[in-house]
Structure formats: C-alpha cells, structure tokens
Amino acid sequence: MKKTEEKIEEALNSLEGIERIQLSPLVADRIFQKAMEATTIEEKIRQTATPVSWVIGVAAVLVLNFGFLFWMNSTQGSTESTETLSGIYFDSEIGY
Amino acid sequence: MTESELISGLQKKDERAFNEAFKLYSSMVLNTAMGIVHDHDEAEDLVQEVMIEVLKSVNKFKGESTLKTWIYRLTISKSLDILRAKKRQKRGGLFTFVSLKNDESWMHKPDFNHPGVLLENKERAAVLFKAIDQLADNQKIAFTLHKLENRSYKEIAEIMETSISSVESLMHRAKKKLQKLLKNFYELDRK
C-alpha cells in the first residue's frame, strides 16, 4: 500500500505528458460559422440602430412639443372665458 | 500573415484573417478554458464566445501585448465568469448551508476526465482537478497556465499582468494548498 505522500506526489504529477485537445473539424467549422454570423448580425444592428434611434429621438421631441402646445392652448382657453364673465358683472355695475 | 496584418484584417472583419486567427488560437483557447472550467462542452462554447469577442473588441486592442497574450486574457476572463455563474447557482440551492460547512464536499463532486490525460494517470488526474477547483482564482489560473499550457513564469506574469515573483508566490501557495487537500482526500480514502 502506497504512502499518502507518494500518492500526493503522483497526483500532482498526473498532468505530465498531457495532450493538447483539438477541436474536431466539424465542431471547428460550426463554431467558426456561428462566430462569423454573430459578428455580422451585430454589425448590421449597429448600422441600423443609429438612424432608428435618431428617428425615435426626433419623434419624441415632436410629440412633447405638440403636447405642450396643446396643453398651453387648452389652459389659455379657460382663462379667456373667465375674463368675459367678469366683464359682464362690471358692465352691469356701471349701469347702476 | 504577420501579427500586424492579422490584427488589421480582424479590425476590418476580414474572413481570411478570422480564419487564420481561428487556426492559430482556437486550440489554445479550448485547452485553457478546459483547464479552468473542467467541462469539455463548456470549453467548446467558450471558444465560440472568445472568438466572437476577439472580432468585436479587436478595435480596442492597443498592441501593448501580443495578440496571443490578449486572447489568453479574454479566455481567462470568460472562463472565470462561467465559474462564478456556477457558484451563484449553487448558492441558491436548498442545502448550500450544509455543503459550505462541509470541507470534504469537494471530494464528492463528479470526476472531470480530461481527454488529454494519459490513461495511467486518469484516476489521479481526476482527483487533482477536483482539488484545483478549490484553489483561489489567481492560483488556479497560474497553475493551469503552467501545468496545462506549459507557459513559463515570465509568460504567465505577462498574461496575468503581474510580476514573475508574484507568479512564483502563486504557484508555491497553489502547490501547498493542493498538497493539503490531497492529503485530506487520501487519508479519508484509507479509512
């Protein structure tokens, strides 16, 4: 029966002469094709992303702008009708 | 193709350059990854991930190291990401508390049979790989690069962006830790 120290030494040396693993040609080809496809798709996404993000950005600004104008218009409309009512009361006071 | 031509070709996403890089480095990536993650299928997946990353990030490559060194670093980084993801998954398990307290749990993990190990060493190597799994990341990387990739301490220092004396220290600590783990394993085995 081997001593523990011998077994430890043998275990530590068990990687001596280890052979390098190669990818099989089929697996290598599959990985190569997938890697090429992945980078092509990412390249295309990056190329289209810039104009698309510009369009979205401009659209958002326009929507906010029109929304603000609409809100302003609706607020001004209610203020004018309040002024007209005040005018009627004023005129009737002068009448007396 | 010289290295600068290769880098230039990769930056232009030239298929011929990528083919050349693949031939030169895929085996290196596979063996390094396998030495760290201890799983053949995951190592193959890592080859794909690393080669994609090479194409994506080659424009950021500043040439401060060789292309080979840079690819080693990518491989190590992605391999460690896999290991960390696995550890996070294990921590979520029901019996994690019990297994963390049990110092012998590593001995009962499934064997990793590296296809390149000589037949007469298979059993001993399987135990050694389990013990290597218990090393700190830096020790694991240094040990793997030295024993599996046959890198010199100087090359390892360049890959790990550290000094040769730090690599010597890492190797020394790795061996001490492995001896301790293996001693526990073989003494328990005798009982």
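**A closer look at one helix**

Mentor: In helix 1 of chain A, which covers residues 4–12, the buried residues are A:Thr4, A:Lys7, A:Ile8, A:Ala11 and A:Leu12. Seen down the axis of helix 1 of chain A, these buried residues fall within an arc of 135°, so they line one face of the helix. The arc is taken from the directions that run from the helix axis to the C-beta atoms. An α-helix has 3.6 residues a turn, so residues three or four places apart point the same way. Here, buried means under 20% relative accessible area, exposed means over 50%, and partly exposed lies in between, with a 1.4 Å probe and protein chains only. Helices (H or I, at least four residues) and strands (E, at least two) are DSSP runs, numbered from the N terminus.

This is a predicted model, in which local features need pLDDT of at least 70 and side-chain atom pairs count only at pLDDT 80 or more, while totals for chains, interfaces and linings use all residues. Residues are numbered from 1 along each chain as its sequence is written, chains are lettered from A and ligands numbered from 1 in the order in which they are written, and side-chain values use heavy atoms, with hydrogens and water left out.

Chain A as a whole has two helices and zero strands, and buried residues make up 18% of its 96 residues. A:Phe66 is found in helix 2 of chain A, residues 25–95, and A:Phe66 is exposed, with a relative accessible area of 55%.

We can now turn to chain B. B:Asn121 is found in the loop between helix 5 (96–101) and helix 6 (122–132) of chain B, and B:Asn121 is buried at a relative accessible area of 11%. Leaving aside residues up to four places away in sequence, B:Asn121 touches A:Ser14 and A:Glu16, where contact means heavy atoms within 4.5 Å. The side chain of B:Asn121 also reaches the backbone oxygen of A:Ser14 at 3.4 Å.

Two other loop residues of chain B deserve a careful look at their backbone angles. B:Lys13, in the loop between helix 1 (3–11) and helix 2 (15–37) of chain B, has a phi near 55°, a positive value in a residue other than glycine, and B:Lys13 counts as partly exposed at 26% relative accessibility. B:His38, in the loop between helix 2 and helix 3 (40–57) of chain B, has a positive phi of about 60° although it is not a glycine, and B:His38 counts as buried at 9% relative accessibility.

Methods. Polar contact = N/O pair within 3.5 Å; in protein donor to acceptor, adjacent residues only side chain to side chain.
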